[in-house]
Amino acid sequence: MCRSIKTLRPPTTPEVTDEDIRAAALQYVRKVSGFRAPAAHNREVFDQAVDAVAAATQELLDGLQIRGSLARRHTHS
């Protein structure tokens with residue numbers, strides 16, 4: 001759907017930062033909403049959506065079990 005969002009799970013991306021997660025969330029919300037930068041009257045709901053998608057992404061990554069990996073290494077900035 002959104003080719004500019006990169007895979008964030010290991011081993012594809014061994015070190016994932018909060019900035020990586022936020023960038024992916026922003027790209028997703030931009031794609032779904034059709035806005036690169038929302039108008040002022042849509043800014044709050046746009047930013048809330050980015051926060052929600054970032055939180056869901058973090059939860060997903062934290063919960064994934066990767067074969068051959070004892071522990072998920074994740075960098076929180």
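## Helix α1 and its cover

Helix α2 (43–63) is among the elements that cover the buried residues of α1, where contact means heavy atoms within 4.5 Å. Helices here are DSSP runs of H or I with at least four residues, numbered from the N terminus. This is a predicted model, in which local features need pLDDT of at least 70 and side-chain atom pairs count only at pLDDT 80 or more, while totals for chains, interfaces and linings use all residues. Residues are numbered from 1 along each chain as its sequence is written, and side-chain values use heavy atoms, with hydrogens and water left out.

Which residues of α1 are buried? They are Asp-20, Ile-21, Ala-24, Ala-25, Val-29 and Arg-30. Buried means under 20% relative accessible area, exposed means over 50%, and partly exposed lies in between, using a 1.4 Å probe and protein chains only.

## Span and end of α1

Helix α1 runs over residues 18–33, which makes 16 residues. From its first C-alpha to its last, α1 reaches 22 Å, close to the expected 22 Å; that expectation is 1.5 Å times one less than the number of residues. Just after α1 comes Gly-34, with a positive phi of about 80 degrees.

Side chains of opposite charge can pair when their charged atoms come close. A salt bridge is counted when a side-chain nitrogen of Lys or Arg lies within 4 Å of a carboxyl oxygen of Asp or Glu, and the count by this rule is 3.

Let's begin with Lys-6 and Asp-20, whose closest N and O atoms are 3.8 Å apart. Asp-20 is one of the buried residues of α1, whereas Lys-6 is partly exposed at 48% relative accessibility.

Next comes the salt bridge of Arg-22 with Asp-51, with 2.6 Å between the closest N and O atoms. It links distant parts of the chain, 29 residues apart, with Arg-22 in helix α1 and Asp-51 in helix α2. Arg-22 is partly exposed at 37% relative accessibility, and Asp-51 is partly exposed too, with a relative accessible area of 42%.

How far apart are the closest N and O atoms of Asp-47 and Arg-43? In this salt bridge they are 3.2 Å apart. The two residues are 4 apart in helix α2, so about one helical turn separates them. Asp-47 counts as partly exposed at 27% relative accessibility, as does Arg-43 at 36%.
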